[in-house]
Amino acid sequence: MNVIWNTTKMQVIIMGKTQSIPSKKMYQELEVMYKRGRKRSFRFTGKRADREIIKPLLTHRPHEYCLTILLDSDAYIIGYECVAKGTKDSIGVQPCDIVRTAILTNATFIITYHNHPTGEAKPSDEDISFTQRLDIACSFMNIRLMDSFIYSDFGPNYSFRQHKKLLPLPKQG
């Protein structure tokens, strides 16, 4: 995998680049998680994930990055991985790259983000096609793609779920 956690130094290594863990609170939660032997950090909420994970990793990037958040069956974050780095206007990632990560971490749910360095959060035809192929691949593997976002430095993120570009989620029974 492309992500290595080093909680003793409060760092995460993503695709060979060392970064500090985004917040002291996240570090403390990770420390508690590892002491208890649990695989949970915090329950996914969009605003908190944006603030503590997405924004520090995707803001002001000159190239496109694809980030996957991995969640367990109770929507707790297992981890996240930057699955690909692209150029200023494209990214070479396949659905199998993301599904493989979800399988290896035993994730039940995933959420993907990718940025557009231009700041425009409007999906291209390639973005829509890729996201729909990923949604189908996930459904075959009994992994739920909760949403896929295009991250923007300058405005609201684009949600594929909100714009009805994804398969409906199965009803919880």
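This is a predicted model: local features need pLDDT of at least 70, side-chain atom pairs count only at pLDDT 80 or more; totals for chains, interfaces and linings use all residues.

Visitor: Is Thr131 buried or exposed?

Guide: Buried: the relative accessible area of Thr131 is 2%. The cut-off for buried is under 20%, so Thr131 qualifies.

Visitor: What does its side chain reach, then?

Guide: The side chain of Thr131 gets to the backbone oxygen of Asp127, at 2.8 Å.

Visitor: Phe160 was on that contact list. Which ring does Phe160 pair with, and how are the two arranged?

Guide: Phe160 pairs with Tyr158. The ring centres are 5.1 Å apart and the planes sit at 85 degrees, so this is an edge-to-face pair. The cut-off for that label is over 60 degrees between the planes.

Visitor: Are those two buried or exposed?

Guide: Tyr158 and Phe160 are both buried.

Visitor: How many aromatic pairs are there in the structure?

Guide: Two. One of them is Tyr113 with Phe149, and that pair is stacked, with 4.9 Å from centre to centre and 20 degrees between the planes.

Visitor: Where in the chain do Tyr113 and Phe149 sit?

Guide: Tyr113 is in strand 6 (residues 109-115) and Phe149 is in strand 7 (residues 144-151). They are 36 residues apart, and the pair links distant parts of the chain. Tyr113 is buried, and Phe149 is too.

Visitor: Switching topic: what sits over the ring of Tyr65?

Guide: That would be the charged end of Arg61, 5.4 Å from the centre of the Tyr65 ring.

Visitor: Let's zoom out. How many helices and strands does the protein have?

Guide: Four helices and eight strands. Starting at the N terminus, the order is β-β-β-α-α-β-β-α-β-α-β-β.

Visitor: What share of the residues is buried?

Guide: Of the 173 residues in the protein, 45% are buried.

Visitor: And what about the accessible surface?

Guide: The protein's accessible surface is about 9700 Å², and carbon and sulfur atoms account for 53% of that.

Visitor: Last one: among contacts between residues at least 6 apart in sequence, what share joins residues at least 24 apart?

Guide: For contacts in that set, the share is 59%.

Methods
Residues are numbered from 1 along each chain as its sequence is written. Side-chain values use heavy atoms; hydrogens and water are left out. Rings of Phe, Tyr and Trp (its six-membered ring) pair if their centres lie within 6.5 Å; planes under 30 degrees apart count as stacked, over 60 as edge-to-face and the rest as tilted. Helices (H or I, at least four residues) and strands (E, at least two) are DSSP runs, numbered from the N terminus. Buried means under 20% relative accessible area, exposed over 50%, partly exposed in between (1.4 Å probe, protein chains only). A charge sits over a ring if NZ of Lys or CZ of Arg is within 6 Å of the ring centre and within 35 degrees of the ring normal. A polar contact is a pair of N or O atoms within 3.5 Å; within protein, one must be able to donate a hydrogen and the other to accept it, and residues adjacent in sequence count only if both atoms are side-chain atoms. Contact means heavy atoms within 4.5 Å. Accessible areas come from the Shrake-Rupley method with a 1.4 Å probe; for residues, only the protein chains shown count as cover.
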